[in-house]
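Colleague: I'm new to this one. Could you walk me through how to read its sheets and helices?

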Amino acid sequence: MDTDLTLDIRNLQTHFTADPGVSKAVDGVSFAVRRNETLAVVGESGSGKSVTSLSAMRLIPSPPGIIAGGEILFRGRDGQVRDLARLSERAMRSVRGNEIGMIFQEPMTSLNPVYTVGDQIGEALRYHQGLDRRAARAEALAMLKKVGIPAAERRLDEYPHQMSGGMRQRVMIAMALACRPTLLIADEPTTALDVTIQAQILDLMRRLQEETGTSILFITHNLGVVAEVAHRVVVMYAGRIVEEGDVRSLLKSPKHPYTRGLLACMPHLGQRRGDGGRLHAIPGSVPSPLNRPRGCTFATRCPLAEPACTAAEPVLEPVGPDHSARCRRWRDVQ
Amino acid sequence: MASVPAGHGNVSLPSPAKPHRSRSPAALLMRQLFRRRLVVLSFLIMLTILAVALLAPWITPFNPMKMDILGRLKPPSAAHWFGTDEYGRDVLSRVMLGARLSLLVGLLVVVVATLMGTLLGLAAGYIRPLDGVLMRLTDALMAFPDILLAIAFMAALGPSLYNVVLALGIVYTPRVARVVRAACLVVREMPFIEAATALGASTPRIVFLHILPNLISPILVQATFIFAYAILTEAALSFLGVGVPPTTPTWGNMIAGAQQYFQQADWLILFPGCAIVLTVLSLQIVGDGLRDALDPRLQKAK
């Protein structure tokens, strides 16, 4: 593993045993997050992006879930590389919240209603770093200030129900970053927030990344957000990576019809109204992970599909510098 | 305006003077609880009974054990407000002392049932494979009428104050266990539990520091009801002669002893009976008030 990599996921397989068979929610996914870098993982519901992030934290509910194969290499603060897929539960607990922080989608319900926010931010510090109550409180106060909560001294002793969604998401970020993790996993952190607050939270995350040098794995389905925060992008579809590249070239000239379709789905200002200006949609939905079609998994919904596409699955091939796509016809994607 | 009951306006409106004072869940609960005047009244009655029970040895007007053969079975009078019993003992003093024992039994039963019920409920709610076994066990216990089960335990254990506590504790454990299990099943799926796991919390930490504090409200409500049931069932056990040994003045024992005399001296049954009714009723009303006060708060907190 290169020394500038924080997280290197190799051929990850996460399966769920369901009644009719085995559901391969993540099927052979590989990507790496560099130090100081924000990698966005994009995809529709059911594409496996959240399962990928939960696998990295080993938070897959088991049973029915299991990490069936692959490696999750993670470089800790001490520079040691460990394979999180094979770490004991005990060792994993000292990684969670300490070396990898996580922010969730639902700020309204992700805080425990019976503790003050100060207690909750300080909790991880107290049991990972052995701080006493007073030191943890001081550190929690510093974190609250850092995430831009006004009147932090007063807010420290408030309960979550006294705060708005945006405030709570700031508190979540403070909790996740309290132990100065080397990696922050953010699972759709702005989805539940309104647009102005979204922009503030994204700004905050960018600023904190500059200050702390944390790598960020950013899970989202919102390409607008990707353009705001990401350095590199991985597009997932039906448990596999279909396109991967740096944010500029991927968003400017997508080489996979699925990415192309996702971009076309975004409404933009100045769009014509009426019939000619109908919002684009990708027909159909993600195929069931229990019953994947042969060949290219996107072929059933692809405007460029031809008989050869369903014969064998295309490989993820380079289509430019730091840019690859899993499509036989990438040269035809405009 | 004039028809608005006094005391309403100043409770429901938050004071604008300190708009940012942090309100703990406990403070919010008290505000909700005391909205209803019947609840306040019951709470005061409960406190009074508790105070009498605590201070009984020092404030009884007569020695509750002192017999007076000449003054036996005297109706209520200025000297003996609740009359005297078949040995000429002062009934008021004995009711006051009885409060001490009845409340003690009730309280200990609450402690035993709540502790065991909470542990069982958490185990059933969090450790899925245990759920089926534990819940069928509680079903089996709950299938028997409370009093029958308690009599069976007393028959096995033998009569003593602590065996009454143990028997009633076991009888009421399933009630707590069911409520705790149900609430635990809800809370364990909340995102903040996953968030706590993502912060590296261990399983005992999750269960006792993150789930349990969120179950306090249903446990508290159950505890007040069990307090009331326990007092009632203890009285029934004593009345049937399988409870606390009859030499000890509990309310149940007093009523049991008065059976032979109630046609000449109905006050012997009336006053301990009233004490039971008053205590159980006020506990039930406070329990109801607690339940009402806790539900809307949980909805708002979401």
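Modeller: Let's take the sheets and then a pair of helices.

Modeller: Some ground rules: this is a predicted model, where local features need pLDDT of at least 70, side-chain atom pairs count only at pLDDT 80 or more, and totals for chains, interfaces and linings use all residues. Residues are numbered from 1 along each chain as its sequence is written, while chains are lettered from A and ligands numbered from 1 in the order in which they are written.

Colleague: How do I read a sheet, and what is the order of the open sheet of 4 strands in chain A?

Modeller: Helices (H or I, at least four residues) and strands (E, at least two) are DSSP runs, numbered from the N terminus. Two strands pair if DSSP finds at least two bridges between them. Here the order is β2-β1-β4-β5 in chain A, and the pairing is antiparallel. At the edges sit β2 (21-34) and β5 (81-83) of chain A, each pairing on one side only.

Colleague: And what does the twist average from one strand to the next?

Modeller: Axes are lines fitted to C-alpha atoms (for helices over the stretch in contact), and angles run from 0 to 180 degrees between N-to-C directions. In this sheet the twist averages 5°.

Colleague: How many bridges does β1 of chain A share with β2(A)?

Modeller: 11 bridges, with β1 covering residues 5-18 and the two strands antiparallel. For A:T14, the bridge partner in β2(A) is A:V26.

Colleague: Which strands does helix α1 of chain A touch?

Modeller: Two residues are in contact if their C-beta atoms, placed from the backbone, lie within 7 Å. Helix α1 (residues 49-56) of chain A packs on the sheet and touches β1, β2 and β4 (65-75) of chain A. Its direction makes about 115° with that of β1(A).

Colleague: What about the open sheet of 8 strands?

Modeller: That one, also in chain A, runs β6-β7-β8-β3-β9-β10-β12-β11 with mixed pairing. Its edge strands are β6 (100-103) and β11 (317-320) of chain A. Strands β10 (residues 240-246) and β12 (residues 323-325) of chain A are antiparallel, joined by 3 bridges.

Colleague: Now the helices: at what angle do α5 and α7 of chain B pack?

Modeller: Angles under 35 degrees count as roughly parallel, over 145 as roughly antiparallel, 65 to 115 as roughly perpendicular and the rest as oblique. Helix α5 (residues 128-143) and helix α7 (residues 161-187) of chain B pack at about 140°, their axes 9 Å apart. That makes α5(B) oblique to α7(B). Where they meet, α5(B) brings B:M135, B:T138, B:L141 and B:M142, and α7(B) brings B:P174, B:A177, B:R178 and B:R181.
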